[in-house]
Amino acid sequence: MTWKHSGKVEAFDEIGLDQQMAQQYGLAYNPADLMSARIFISRQALAMLASLNHFDQQKVIKEIAFVCNNPNSCSSTKHSLMPFKRFYRTKDQFRSYHYLIDFKITKNDQVVIHDIYLDQTLVGPKSRHRLERNMLYNVKRIGGRFNGALDDDDLKRSIGAWSQDLEAESQISNQHAAVNGMQNDLNKATWLMGAHLDAAYPNDDFDTYTLFHNPTDRMFYDVVECVFDKRQGTKSQNAQHLAAIFYQNQQQGKKIKWVVHSQGAIIFTAALEEYRKRYAGLY
């Protein structure tokens, strides 16, 4: 099993995570989660939390509170060599975040959150497309620009223009980004949205872009998700996640050129509504 850490390296001294500390680090959280558990966390893990967008922060803090209250959960795995060290794999049913919580239980039965990792086993395309995750990917160009596909050879060149060696990201690191539509597995979304970006911004010289991958869950459920996002009220996990990314971009002063396609346009519109409702008054 391979794990990739993506947080900022700091000392592993332990501090209490309460609402005051969460506000100091600018974390998004449900107050009930922090009030339900006494949380001790390393500065390394806290730095990792601070690097995530608000959607992921809320999800991970919820799981941290669960770990502190249920350290012997069946979802926790003991380290083979260190008896006080354990790992907790997320059990969230909505496939919208993907982190491993590294914690230990001290001799005094105190739970300490030691670190947080990106779960590499969940990254990338899957043979069963419905197992792919909603995730940000940095996509690199390895071929020429898209200038139209008039025959099979043009189509093959378009498909091969973007690398399938993808890097998962916690935030947008490029000037161009895209949200794919329904019935697009990750491999197809990668080159198709690259082609859309080439067509939408013909005068821009870019060799990478960020894909906000909207995984397909078969036609029926993709349509249901579209209907859900077009109604008033609570939006889908996709839209909530994208709204948090909008806020993160705004906080960092980033100007992103977007392309959205098919269901991606519905998710994008729903995310704007969610952004205005949740984040517009925060700056």
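These legends describe close-up views of a predicted model.

**View 1. The whole chain.**
The chain carries nine helices and twelve strands. Of its 283 residues, 50% count as buried. Contacts in the chain with a separation of 6 or more are counted here: residues 24 or more positions apart account for 70% of them.

**View 2. An open sheet of five strands.**
The strand order is β9-β8-β11-β10-β12, and the pairing is mixed. At the edges stand β9 (167-169) and β12 (257-260). Each has a single partner strand, so one side of each is left without a neighbour in the sheet. Neighbouring strands are turned by 30° against each other on average, direction ignored. Strands of a sheet pair through backbone hydrogen bonds, either parallel or antiparallel.

**View 3. Strand β8 and its pairing with β9.**
Strand β8 covers residues 135-140. Its pairing with β9 is antiparallel and runs over three bridges.

**View 4. Strand β11 and its pairing with β8 and β10.**
β11 spans residues 208-213. It is mostly covered, with five of its six residues buried. Which sense does each pairing take, parallel or antiparallel? With β8, β11 pairs in the antiparallel sense over six bridges. Here Lys-140 stands opposite Thr-208 of β11. With β10, β11 pairs in the parallel sense over three bridges. Val-179 has Phe-212 in β11 as its bridge partner.

Helix α8, residues 237-251, lies across β8, β10, β11 and β12. α8 runs at about 145° to β11.

**View 5. The packing of α8 with α9.**
Helix α9 is formed by residues 263-278. How do α8 and α9 meet, and at what angle? They pack at about 60°, with their axes 8 Å apart. That angle makes α8 oblique to α9. The crossing is right-handed. On the α8 side, the contact residues are Asn-238, Ala-239, Gln-240, Leu-242, Ala-243, Phe-246, Tyr-247 and Gln-250. They meet Ile-267, Phe-268, Ala-270, Ala-271, Leu-272, Glu-274, Tyr-275 and Arg-278 of α9. The residues of this contact divide into eleven nonpolar, three polar and two charged.

Helix α3 runs over residues 43-51. Which of its residues are buried? They are Gln-44, Ala-45, Leu-46, Ala-47, Met-48 and Leu-49.

**View 6. Lys-62 in helix α4.**
Lys-62 is found in helix α4. Is this residue buried, partly exposed or exposed? Its relative accessibility is 47%, so Lys-62 counts as partly exposed. Along the chain, Lys-62 and Leu-34 are 28 residues apart. Their C-alpha atoms are separated by 8.1 Å.

Note on methods: Residues numbered from 1 in each chain as written. Predicted model: local features only at pLDDT ≥ 70, side-chain atom pairs only at ≥ 80, totals over all residues. Heavy atoms only, no water. Pairing = 2+ DSSP bridges. Helix = DSSP H or I, 4+ residues; strand = E, 2+ residues; numbered from the N terminus. Axes fitted to C-alpha atoms, helices over the stretch in contact; angles between N-to-C directions. Contact = heavy atoms within 4.5 Å. Parallel < 35°, antiparallel > 145°, perpendicular 65-115°, else oblique. Left-handed = near helix turned anticlockwise from the far one by under 90°. Nonpolar A, V, L, I, M, F, W, Y, C, P; charged D, E, K, R; others polar. Buried < 20%, exposed > 50% of the residue type's maximum accessible area, 1.4 Å probe, protein only.
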